[in-house]
Amino acid sequence: MAETTIKYTMMAGIFATSLGGAAWAGGPADDKLVIDDELEITTRVKAPEGHPLDEVISGWHYRTDETRALEADSFQNPGMLYVERGEEIWNTVEGDAGKSCASCHGDASESMKGLGAAYPKWDEKAGRPLNIELQINKCREDNMQAEPYKFDAADQKSLTTFIKHQSLGMPVRLDLSQGDMQAWWDKGKEVYYRRTGQLNMACANCHEDYNGNYIRADHLSQGNVNGFPTYRLKQSAMVSLHNRFRGCIRDTRAEFPAAFSDELMALEVYVTWRATGLSVETPAVRQ
Amino acid sequence: MAAPKPRVKVPKKASKGEVITIKTLISHPMESGQRKDKKTGELIPRQIINKFTCEFNGQVVFTCDMDPAVSANPYLEFNAKIEDSGTFKFTWVDDNGSVYTTEKKLTVE
């Protein structure tokens, strides 16, 4: 019989209220992200040419010690549950064509590797950039003859998380030379710096001018998107990028545009570029 | 989310007398029973994992009750001192009567 000594730690996702941690001192925490003691994640990198900041810093550095630790252990990371669910969907046949994602794309760890680091991509037929969610929907309609996912359907978030996770650790790099990507980048930049809402705030006010400071109890990051979809402890669920965009815009007390609208897609192109060089962290863990 | 799925991390091998760390995680919404449906205003009924047990060769190693303040996807970590080879059995009990179990073998060398 085994003699047992017992010690237990309960990690309920209530770290948002936990006190202490270096992060309270303000500014990004001085720390290194290594997932499972194996995979080094680039969380600080010199900004690309034309970037308004000197250094691009992942939102990971702005979270508490406990939240950062969750992301460093792929077993503890609750987002990995959604990666597993996404893998099930990947292999599940749906639609009139009798196909699953795997029927055409095979092993995702090969076929999807690097893909999440390079989206949104220009789509010639649609005449606009597509992000991973819309690319999935396009595939579902055209190739699987299945219903496209509604915005933020549980399966859409899990599958997007699974696909983006295949690029874990790879640097974000957008190709702005495709189609009219540059024009969308310009439009996204305009959205980023445009003040909106009753509070009259632009994305840049928090994430460029005041990152590292506190807005009430919230430690402002640079608003980089390399970890999306992100597991947010506040929601105890995956949060998609366009959901987060809308949440931020709502907080400025403005009317928020529809998910995947031209405005938010342009913003996605622009802010993805702002995260150039950071590793994909999906599924990142945030407050 | 789909049906709750347990995940457990236990080393496959240990030396006699070694203290090992066991990590467990289960996907579960842990609906507290205090939230209201935004559309109807009705209370969403409580549904949580209310009990967790870990047994080794039939002997209880660790057990705990859980309450509604525990957030979604509960993670538990605890240690066990190993003297013999055997099988860990993990059990989660849901408010709706469902029981989720998984087992892991460990060899002493």
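Three strands of chain A form an open sheet in the order E11-E10-E12, with mixed pairing (two strands pair if DSSP finds at least two bridges between them). E11 (237-239) and E12 (284-286) are the edge strands, each with a single partner, so one side of each has no neighbour in the sheet. Bear in mind that this is a predicted model, where local features need pLDDT of at least 70, side-chain atom pairs count only at pLDDT 80 or more, and totals for chains, interfaces and linings use all residues. Residues are numbered from 1 along each chain as its sequence is written.

**More on the sheet**
- Strand E10 (residues 230-232) of chain A pairs with E11(A) in the antiparallel sense, over three bridges.
- Look for A:Thr230, which sits opposite A:Val239 in E11(A).

- H9 (residues 241-251) and H10 (residues 262-274) of chain A pack at about 105 degrees, with axes 11 Å apart; axes are lines fitted to C-alpha atoms, for helices over the stretch in contact, and angles run from 0 to 180 degrees between N-to-C directions.
- That makes H9(A) roughly perpendicular to H10(A) (65 to 115 degrees).
- Residues making the contact (heavy atoms within 4.5 Å) include A:Phe245 and A:Ile249 of H9(A), and A:Leu264 and A:Val271 of H10(A).

**The whole chain**
- Chain A has 10 helices and 12 strands; these are DSSP runs, with helices (H or I) of at least four residues and strands (E) of at least two, numbered from the N terminus.
- Of its 287 residues, 53% count as buried (under 20% relative accessible area, with a 1.4 Å probe and protein chains only).
- The C-alpha atoms of chain A fill a box of roughly 60 × 55 × 35 Å, taken along the principal axes.

Technical notes
Chains are lettered from A and ligands numbered from 1 in the order in which they are written. Side-chain values use heavy atoms; hydrogens and water are left out. Angles under 35 degrees count as roughly parallel, over 145 as roughly antiparallel, 65 to 115 as roughly perpendicular and the rest as oblique. Buried means under 20% relative accessible area, exposed over 50%, partly exposed in between (1.4 Å probe, protein chains only).
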